[in-house]
There are 2 protein chains.
Amino acid sequence: MSKIYVIGIGPGAYDQMTGKAIRAMNESDAIIGYTVYVDLVKEYFPGKEFMTTPMKKEVDRCVLAFEEAKKGKTVSMICSGDAGVYGMAGLMYEVGVNYPETELEIIPGVTAATGGAAVLGAPLIHDFCLISLSDLLTPWEKIEARLLAAAQADFVVCLYNPSSKKRHDYLQKACDLMMKYKSPDTICGTVSNIAREGEEAHVMTLKELRDTQVDMFTTVFIGNSQTKEINNKMVTPRGYRNV
Amino acid sequence: MSKIYVIGIGPGAYDQMTGKAIRAMNESDAIIGYTVYVDLVKEYFPGKEFMTTPMKKEVDRCVLAFEEAKKGKTVSMICSGDAGVYGMAGLMYEVGVNYPETELEIIPGVTAATGGAAVLGAPLIHDFCLISLSDLLTPWEKIEARLLAAAQADFVVCLYNPSSKKRHDYLQKACDLMMKYKSPDTICGTVSNIAREGEEAHVMTLKELRDTQVDMFTTVFIGNSQTKEINNKMVTPRGYRNV
């Protein structure tokens, strides 16, 4: 039985990985991932074999991991954030159907929602949704329906992949949809380059967010009706009395 | 300027904490938290001063942390999972308004959604919602509206606090609401005692989940229309082709 760890390495800084993630990489012969993330960890695991595939080659990357494991190697497949949140864990199980002799172990990590929330203050204290604005693998109509449902039910919403070269106006579209049910004064926040060089956070209203240009390294947070700004932090109360 | 770290210690096992969380506790004079969580970390941080308050004394716990910091101590306020997900980070900012001389730093951790997902397989790969079924601080009508919205928009749903002594039938009620829009055959999962002794995971249908009795140490996952069972794991595909 060969073994593949599917590992969430967190937002990027070494000290935001869990001990379990570090141990699994130390136990591995090969570390495989998208080029950018492999570059982030390379210096901490000298002597390992590193293999990368570019973006959009996700299926190839999974096959590569299973083929290396088949040779008898212990393999780490690494993902930024958490491997189970828009990460490779699902695809690894799907591709793994063809490799019944390989055991998978998923090792969770800090995802951009919780990593970014910690920088902004405490936006996710109450019920929230994660929605990716990328329509590469999901029809935009489905994304739209989810944005509207989340806004109508007064969820805090965290947006992944809010922008890209081809999707520069998607955040604007999402904010317009949200404003059908959320006040334009709803407190929002953006965090870029979480736990990496150039980390930057901003707190603003939904109306201001609509006219903000973000990049693909930004995670966006849209408050619920109770979310407030306290000393430039974005804070969602849970409802304790006597505060 | 005194300092309080508000720390998510993850699901419970020492090696599921981040390096940053461990460093912050090592740098602290006092570690404060709910009794059960302080007991989980005590042995790893000898020589620290430990202080606890029981459940339902959350505001007192925050005041205690700020008062200790006022004496010049560096303080860690610890929470299970992530401090920003139904955790103490929000309340600390609210209470902190009265202690402007104290700086807060939030340190994220692995929350039950991602920790539990890793045990079950890969249920959260696509857009998902976190909903707490506890109506101690939230009106049940609001929880109900969120359950229905999440089901209607085909989110994967992760339920926190699915049960307690007083709320033994809430999961059943939640499943009945979900079945207005989700098929009774929707793949679901439960995980108890994530990363602790007695960890247990089960994959089942929504109809079966409805008639399952869970306890307060269980996290519940309800799939979207695409979620499937692969070798007894709960897997939500993201939509990659040629799989």
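B:Lys142 is partly exposed, with a relative accessible area of 28%, where partly exposed lies between buried (under 20% relative accessible area) and exposed (over 50%), using a 1.4 Å probe and protein chains only. In this predicted model, B:Lys142 forms a salt bridge with A:Asp154, the closest N and O atoms being 2.8 Å apart; a salt bridge here is a side-chain nitrogen of Lys or Arg within 4 Å of a carboxyl oxygen of Asp or Glu. This pair crosses between chains, from the loop between H6 and strand S8 (156–160) of chain A to helix H6 of chain B, with helices (H or I, at least four residues) and strands (E, at least two) taken as DSSP runs numbered from the N terminus. A:Asp154 is buried, at 13%.

B:Asp154 and A:Lys142 also meet in a salt bridge, at 2.9 Å from N to O, and this pair crosses from the loop between helix H6 (140–152) and strand S8 (156–160) of chain B to helix H6 of chain A. B:Asp154 is buried at 13% relative accessibility, whereas A:Lys142 is partly exposed at 26%.

## A buried pair

The side chains of B:Asp127 and A:Arg146 form a salt bridge of 2.8 Å, N to O. B:Asp127 is buried, with a relative accessible area of 0%, and A:Arg146 is buried at 1%.

## Network and total

Within chain A, a network of salt bridges links A:Lys3, A:Lys20, A:Glu103 and A:Glu105. Over all chains the count comes to 30 salt bridges.

## Basis of the values

Residues are numbered from 1 along each chain as its sequence is written, and chains are lettered from A in the order in which they are written. Local features need pLDDT of at least 70 and side-chain atom pairs count only at pLDDT 80 or more, while totals for chains, interfaces and linings use all residues; side-chain values use heavy atoms, leaving out hydrogens and water.
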